[in-house]
Amino acid sequence: MPYYRNRSLWGVSIAASVRSIGYGATWPFLAVYFNTYLHMSLIFVGFIFTLNSGISILFSLFAGYMADAFGRKTTLVVGNASGFVLYLLLSIFAHGNVALISILFIFTAFSGSLVFPSANSIVSDITSSTDREMGYAIYRIMANLGWAIGPLISAIIFSYGFSFIFLFVAIANATATIISIMFVNTNARFRTQRSGFLVRDYTLFFFSIPVFLLIMVSSQFSVTLPIYIVDDLHIIIRNLAYFYAVNGIVVVLGQYPISRMMRRYSDLYGLILGSVFYTIGYLMVSFSHTLFYLIIDMIVITIGENFTSPNISTVTSKIAPRDKVGRYMGFIGMINQLARTASPSVGTFILYSLSSSPVLVWPAIDGFGISAIILFLMFKIFFVDRHKIAGRPVNI
């Protein structure tokens with residue numbers, strides 16, 4: 001069946017869209033919420049986000065194993081349902097004990113760690129090798145449609161308080177759970193004698209290093225960037241919603257044509273080119289002092305995201321044996337979360353250390369992006385090209 005007519009692909013993609021509408025309503029404000037409304041120090045805000053990512057690391061490998069052994073759909077439904085429960089509790093206690101709010105927020109990572117490997121494994125299962133990038137492109141377009149809508153909705157909900165924003169996320173997770181149950185038809189599972197939690201594949205290990213460095217740059221998006229915009233550039237907090245809505249809009253409009261354009265090229269070229277856009281986009285932030293120029297920066301950064309995000313999943317799925325796709329996705333999800341764990345602390349530390357010279361913050365962070373470009377090139381030369389020369393075709 002063509003990828004664009006597959007019921008399960010559209011089911012998992014629409015569920016991701018609804019879920020991301022909820023998360024898109026919270027992430028532009030979360031760092032500011034902890035820093036400004038709960039009066040947490042800048043360093044402690046970074047620590048809270050670091051712990052949130054740390055929980056994802058703990059569950060990622062287990063979540064990948066669950067997706068393989070107990071079923072993609074089952075794991076996806078459990079992930080969305082747990083998000084509903086946790087954000088419902090956050091909405092109830094939004095103005096209560098700071099320690100309780102922090103703990104609940106940290107454990108919301110449990111939901112995402114289950115959804116990532118199961119959803120990505122479903123897309124891999126139901127698409128051919130040649131159509132896989134387009135399958136992931138559709139999944140990302142739908143997910144980022146939510147990131148375009150969510151911040152605009154949050155700009156309205158924001159005036160009523162954070163408890164309503166958290167309630168909105170809970171409802172979005174509940175809706176995603178129902179959609180997953182009704183429309184995702186595949187629940188592939190693989191239980192073999194050689195199954196286990198751990199992945200042993202040096203090709204995957206090599207690939208994960210530049211992925212880690214790339215995500216160290218891209219994930220400055222959620223903590224360091226909004227704090228820099230509000231504290232150093234003195235942009236009105238409410239305008240963050242419009243700034244982040246641009247990200248979702250550019251993904252929705254640009255993801256499909258970029259993926260179509262790159263179909264004839266190696267997936268690794270997409271990762272290299274995307275890393276270049278990320279590096280340039282964040283460098284431009286150093287020279288931007290108004291919302292208009294920051295929006296231009298966001299467009300460049302998001303073009304980098306359009307090149308890289310589908311290709312990380314595509315390359316991972318092509319490296320993986322079919323009965324271990326969930327575990328490989330879990331492993332790359334763990335790498336993703338390792339970077340996201342380190343990123344808030346590293347980013348806020350750089351922001352704090354260079355507070356007297358904020359123009360140097362983004363060139364310092366760009367060191368990770370430049371390193372990623374070099375290592376993606378090395379991976380292509382030493383793995384893909386050498387395999388082709390040796391007569392072992394590699395579809396990457």
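K318 is partly exposed in this predicted model, with a relative accessible area of 22%. Its side chain meets that of D267 in a salt bridge, at 3.0 Å from N to O. The pair links distant parts of the chain. K318 belongs to helix 12 (residues 291-319) and D267 to helix 11, 51 residues apart. D267 is buried, because its relative accessible area of 6% falls under 20%.

A search of the whole structure finds 6 salt bridges. One of them joins D68 and R327, with the closest N and O atoms 2.7 Å apart. This pair also connects distant parts of the chain. D68 lies in helix 2 (residues 42-69) and R327 in helix 13, 259 residues apart. D68 has 0% relative accessibility and therefore counts as buried. R327 is buried too, with a relative accessible area of 2%. Both residues take part in a network of salt bridges that links D68, R72, D125 and R327.

A further salt bridge is formed by R263 and D131. Their closest N and O atoms are 3.0 Å apart. R263 lies in the loop between helix 10 (239-262) and helix 11 (267-285). D131 lies in the loop between helix 5 (109-125) and helix 6 (132-157). The pair therefore ties together parts that are 132 residues apart in sequence. R263 counts as partly exposed, at 34% relative accessibility.

Packing between helices was examined for helix 9 (residues 224-232) and helix 13 (residues 325-353). Two packed helices are described by the angle between their axes and the distance between the axes. Here the axes come within 9 Å and cross at roughly 25 degrees. This angle is under 35 degrees, so helix 9 and helix 13 are roughly parallel to each other. Their crossing is right-handed. Helix 9 contributes T224, I227, Y228 and D232 to the contact. Helix 13 contributes S343, G347, T348 and L351. By class, the contact residues divide into 3 nonpolar, 4 polar and 1 charged.

S371 is found in helix 14 (residues 361-389). S371 is partly exposed, with a relative accessible area of 30%. S371 and S275 are 96 residues apart in sequence. In space, the C-alpha atoms of S371 and S275 are 9.5 Å apart.

Definitions and conventions: Residues are numbered from 1 along each chain as its sequence is written. This is a predicted model: local features need pLDDT of at least 70, side-chain atom pairs count only at pLDDT 80 or more; totals for chains, interfaces and linings use all residues. Side-chain values use heavy atoms; hydrogens and water are left out. Helices (H or I, at least four residues) and strands (E, at least two) are DSSP runs, numbered from the N terminus. Buried means under 20% relative accessible area, exposed over 50%, partly exposed in between (1.4 Å probe, protein chains only). Axes are lines fitted to C-alpha atoms, for helices over the stretch in contact, and angles run from 0 to 180 degrees between N-to-C directions. Angles under 35 degrees count as roughly parallel, over 145 as roughly antiparallel, 65 to 115 as roughly perpendicular and the rest as oblique. A crossing is left-handed if the near helix is turned anticlockwise from the far one by less than a right angle, and right-handed if clockwise. Contact means heavy atoms within 4.5 Å. Ala, Val, Leu, Ile, Met, Phe, Trp, Tyr, Cys and Pro count as nonpolar, Asp, Glu, Lys and Arg as charged, and the others, Gly among them, as polar. A salt bridge is a side-chain nitrogen of Lys or Arg within 4 Å of a carboxyl oxygen of Asp or Glu.
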